[in-house]
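Q: Can you take me through this one? I'll ask as we go.

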2 protein chains.
Amino acid sequence: MALSLDHVGVVVRDLDEAVHRFGMKIGWSAIRLPERLDHLGVTIVYLRNGADGTLVQFVCPTAPGPLREHLDLQGEGLHHLCYAVDDIRETAAAMAPGSEITIVRGGRGRLACFLPEPTVGVRIELTEARPSFGGFDGKA
Amino acid sequence: MALSLDHVGVVVRDLDEAVHRFGMKIGWSAIRLPERLDHLGVTIVYLRNGADGTLVQFVCPTAPGPLREHLDLQGEGLHHLCYAVDDIRETAAAMAPGSEITIVRGGRGRLACFLPEPTVGVRIELTEARPSFGGFDGKA
């Protein structure tokens with residue numbers, strides 16, 4: 001099973017400040033407007049590294065829930081690795097056989113899910129390489 | 001300033017177990033033998049993603065210090081992002097002007113340093129793209 005890195009996820013308190021501070025330090029910039037994903041209680045934005053095309057995703061909780069709790073307990077910082085797959089249902093079933101996995105509409109109109117348990121403490125998300133909803137227009 | 005992602009760093013309790021579990025789940029394998037970096041109190045190993053060439057570095061503390069404390073407090077998981085640069089002294093001075101930065105021999109015979117403060121909670125390491133010591137032979 002060969003999975004490409006889609007993005008590195010970072011949980012933040014303030015999206016605009018995070019984009020500004022990370023952009024100033026690393027020199028990356030947001031690839032599009034932030035997306036409100038109200039069904040997930042988050043707003044997200046992606047920064048692209050011009051040197052190699054890698055993406056960082058900033059995730060800011062907008063409602064009470066596990067991510068807000070994580071932020072309150074651990075503070076801002078690295079949160080997950082996300083891998084791009086062709087068929088999320090097939091890959092998730094192969095990677096976590098017998099588990100119940102919730103597949104949602106994630107960022108950039110793509111289906112996404114988290115594997116149920118971290119691996120060596122690393123939260124792993126899968127996302128489909130191609131958008132299923134409305135392309136790549138920044139609307140939630 | 002355009003910096004390429006060199007690796008994603010993950011702090012772990014047991015290197016062999018981490019390689020086994022991450023390899024089983026994601027399908028990556030270690031690119032070389034673990035390296036003991038006794039001057040840093042860590043042993044590290046790199047896994048390469050065959051699909052896109054991205055590296056994950058597992059870091060296991062072998063002595064008391066900040067990394068062992070981090071592991072005891074926060075547990076295993078994502079720890080830092082490392083970017084490859086041509087000239088580490090020049091880049092570190094530009095990214096953290098006026099700060100005292102300790103440049104060490106890091107993994108794969110390359111000079112490495114951490115920026116003094118995390119950015120949006122993300123610890124950022126720099127490493128030189130080319131080895132300065134003994135090439136790439138796995139010996140510390």
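Q: In what order do the elements of chain A run from the N terminus?
A: They go β-α-β-β-β-β-α-β-α-β-β-β. This is a predicted model.

Q: How many helices and strands is that in chain A?
A: Chain A has three helices and nine strands.

Q: What does the C-alpha trace of chain A span along its principal axes?
A: About 45 × 30 × 30 Å.

Q: And what share of the residues in chain A is buried?
A: Of the 140 residues, 51% are buried. As for contacts in chain A with a separation of 6 or more, 57% of them involve residues 24 or more positions apart.

Q: Charges next. How many positive and negative side chains are in chain A?
A: There are 14 positive and 18 negative side chains, and the centres of the two sets are 5 Å apart.

Q: Switching to the interface. How many residues of chain A and chain B are in contact?
A: On the chain B side 36 residues take part, and they meet 36 residues of chain A. The two chains bury about 3000 Å² between them, with 67% of it from carbon and sulfur atoms.

Q: Which three residues supply more than any other three of the area chain B buries against chain A?
A: B:K25, B:L78 and B:V120, which together supply 24% of the area that chain B buries there.

Q: Where is B:V120 found, then?
A: B:V120 sits in the loop of chain B between β8 (111-114) and β9 (123-128).

Q: Is B:V120 buried or exposed?
A: Its relative accessible area is 1%, which is under 20%, so B:V120 counts as buried. The backbone deserves a mention too: phi of B:V120 is near 50°, a positive value in a residue other than glycine.

Q: What about A:R108, what is its phi?
A: A:R108 has a positive phi of about 55°, and it is not a glycine. A:R108 is placed in the loop between β7 (104-105) and β8 (111-114) of chain A.

Q: Buried or exposed, that A:R108?
A: Buried, at a relative accessible area of 5%.

Q: Now B:N49. What is it in contact with, apart from neighbours within four places in sequence?
A: From chain A, B:N49 is in contact with A:L3, A:S4, A:L5 and A:Y83. From chain B, the contacts are B:W28 and B:T54.

Q: Where does B:N49 lie?
A: In the loop between β4 (42-48) and β5 (55-61) of chain B. B:N49 has 1% relative accessibility and counts as buried.

Q: Last one, B:T102. Is it buried or exposed?
A: B:T102 is exposed, with a relative accessible area of 58%. Its place is the loop between α3 (88-95) and β7 (104-105) of chain B.

Q: What does B:T102 touch, not counting residues up to four places away in sequence?
A: B:A112 and B:C113. The C-alpha atoms of B:T102 and B:T91 are separated by 13 Å, and the two residues are 11 apart along the chain.

Note on methods
Residues are numbered from 1 along each chain as its sequence is written. Chains are lettered from A and ligands numbered from 1 in the order in which they are written. This is a predicted model: local features need pLDDT of at least 70, side-chain atom pairs count only at pLDDT 80 or more; totals for chains, interfaces and linings use all residues. Side-chain values use heavy atoms; hydrogens and water are left out. Helices (H or I, at least four residues) and strands (E, at least two) are DSSP runs, numbered from the N terminus. Buried means under 20% relative accessible area, exposed over 50%, partly exposed in between (1.4 Å probe, protein chains only). Contact means heavy atoms within 4.5 Å. Lys and Arg count as positive and Asp and Glu as negative; His and the chain ends are not counted. The place of a charge is taken as NZ of Lys, CZ of Arg, CG of Asp or CD of Glu. Buried area is the accessible area (1.4 Å probe) that two parts lose on being put together, summed over both.
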